[in-house]
Amino acid sequence: MNAPRKISARYTIFGFTAALALLAQACNLTPPATPTAVIEAPPATSAPAPSMTGTATTAELPTPKPTSLPATTPPATQLAPTTTTPFPASSRSLGINLDAVRHASSQLLFVDLFKQSRPFAGSAEELADDQLPLACVDGRGWPRQIPCPAAPGKPATTYIAWNIGGYYPNGEYTLIFEGAGTIELSGTTGERIFTEAGRYSVSVNTDPGGAGIQGIMLRITASAPDDPIRDIHFVMPGYADVFESQPFYPPFVERLRIFGVLRFMNALRTNNSSVAEWAQRTPFDAAQQTWPTGLALEYIYLLANEVGADPWINIPERASDDYVRQLARMLAANLNPERKVYIEYANEVWNPGFSAAGYAAQQGQALWPEMNETAARQGYTVRRSLEIFEIFAAEFGGAERLVQLLPTHTARAEYTEGLLQALADPRVNPSGAAVDAITHSAYFGGRVIQEIVNENRINDIATEEILDRLQVEIETTLATFLSEQKAVADRYGLPVVGYEGGQSMNASKVKCAGMSSAACNELVLGNAAFIEKIRAANRHPRMKEIYLELYALWASGDRGVLAPYLYVYYPRTCCNWGALEYAGQPLADAPKYQALREASLAAETR
């Protein structure tokens, strides 16, 4: 890894989770027909495939140690009270939200694209037609044998760079695998069959921006139970000799360096997470990093150290004290000591659309039966947050490197008031512990799309008018929300940071009067011309100026970091979240990223 570089002032924007539904759609795309191909043997001079980290189970998985950082855990100390002084101008920064690692994502995190392939197996509730049941795979996600007794006649199937417009590198990839059996490739690789373990050159030919899915299908059609196929890698051109020591795709990393904070909420699959114990996390040496349990936690510090940014961690709603302690210990031992850690309990605990809201209310009412649902949710958010902060402070030897956050709802200043009243309530916070800041989002555009539908303008509205309306919403509705939130935070002597923000023109969220959800979706999402106008607005040069106006509004209130949502996201029918649409997108075509870069440079000169 490169030596971590210091990045001073910056900020951030973005949020929500429409991407989960999109992934489900992508998983159910009709795969190409089964290919017939020439069977290939490994070249006589091919080198043996490098092994990974053995056969450690999830509970036994060792934590990799960057050589430039301490490998030992600092001694634990008791929680020290935190101060609540406002963030100085020098600490204002730009952050960014990272998306989940998915097989149908243009956010190319790894040079080994197999890490971003779809899992071979899934749970009964989420099983795609061509996925294996979990009984067919081992603790790292590799098929135990093919055919599998629990799924006779079914190969192990996965997809790589699926339905992302062909926006991934062309050229000679390196396929590496161990074990006895047969692997078949099809799609942009052509039809290839491999029957012996080894290392192979595989040509990939995509048509970026062209029609069709333009992905790669990999199938294991036979795998011996005593020596099953495993440790598959599909490495981009030029990285075959370094993909294990330098796992991250350089274009992904380089454009990430403008951000001072990396929020891992989506990357860790925080929303609706069932993870409670440390052994449930995704293994560092898992077959793929696309598991429902999110990115392996080791990649938090590896990526933050590589970029030179502070990680923002969302703790799963059900995470045990042991999970929190193990995570804190891992970060304390491995994160660059110059870096801080932003800590947030779950994500949008106020939002009934996510399971954390119901869980927190239930736990709160069990502790304080006299409270109503909202007060109980606020109370438990505060109580559990403080418990998490205390564990982190013990592992970090104090709270100096921690930014301890309480999450609230942008449009409801009264919710923030109740949250901070809970912080002052001795029933909830008997020790009088403090936090560092409140955090809310800074979105605009959702109301614009709803108003267009309400006015029956989806057929005749122009892209320029959509942009005009976005600008008005920032200057009126959003400005009012931010001012109200700042007034509450100021009364309690707390700074404000932004966990997400940016445009939120999500066409799947609108409601149509007198219509069912299905009929409304058909009217709005089925209107290709209207969807294209929304997409054109996101790509329009004026969007840069609108984003700069958003940041100017945010910074004018002496607020802390703002983390837009998302860094890279390939446009879908519902949404256009990404500052970049794909890794390596020309900057001239990325007005939102242009704005973030310009704002970052401006913050550097403050």
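Start by selecting Pro571, which you'll find in the loop between α12 (542-556) and α13 (591-604). Keep in mind that you're looking at a predicted model. Is Pro571 buried or exposed? Its relative accessibility is 10%, and since anything under 20% counts as buried, Pro571 is buried.

Now show what surrounds Pro571. Leaving out residues up to four places away in sequence, Pro571 touches Arg535, Arg539, Asn576 and Glu581.

Next stop: helix α5, residues 355-367. Then colour the buried residues of α5, which are Ala356, Ala357, Tyr359, Ala360, Ala361 and Gly364. What do they pack against? Bring up β15 (341-345) and α6 (373-396), and you have the partners of those buried residues.

For the last stop, select two helices together: α7 (residues 413-424) and α9 (residues 463-491). Their axes lie 9 Å apart and the helices pack at an angle of about 15°. Because of that angle, α7 counts as roughly parallel to α9. The crossing of α7 past α9 is right-handed.

Zoom in on where they meet. From α7, show Ala413, Thr416, Glu417 and Leu420; from α9, show Glu484, Gln485, Val488 and Arg491. Colour this contact by residue type and you'll see 3 nonpolar, 2 polar and 3 charged residues.

Key
Residues are numbered from 1 along each chain as its sequence is written. This is a predicted model: local features need pLDDT of at least 70, side-chain atom pairs count only at pLDDT 80 or more; totals for chains, interfaces and linings use all residues. Side-chain values use heavy atoms; hydrogens and water are left out. Helices (H or I, at least four residues) and strands (E, at least two) are DSSP runs, numbered from the N terminus. The expected span of a helix is 1.5 Å times one less than its number of residues. Buried means under 20% relative accessible area, exposed over 50%, partly exposed in between (1.4 Å probe, protein chains only). Contact means heavy atoms within 4.5 Å. Axes are lines fitted to C-alpha atoms, for helices over the stretch in contact, and angles run from 0 to 180 degrees between N-to-C directions. Angles under 35 degrees count as roughly parallel, over 145 as roughly antiparallel, 65 to 115 as roughly perpendicular and the rest as oblique. A crossing is left-handed if the near helix is turned anticlockwise from the far one by less than a right angle, and right-handed if clockwise. Ala, Val, Leu, Ile, Met, Phe, Trp, Tyr, Cys and Pro count as nonpolar, Asp, Glu, Lys and Arg as charged, and the others, Gly among them, as polar.
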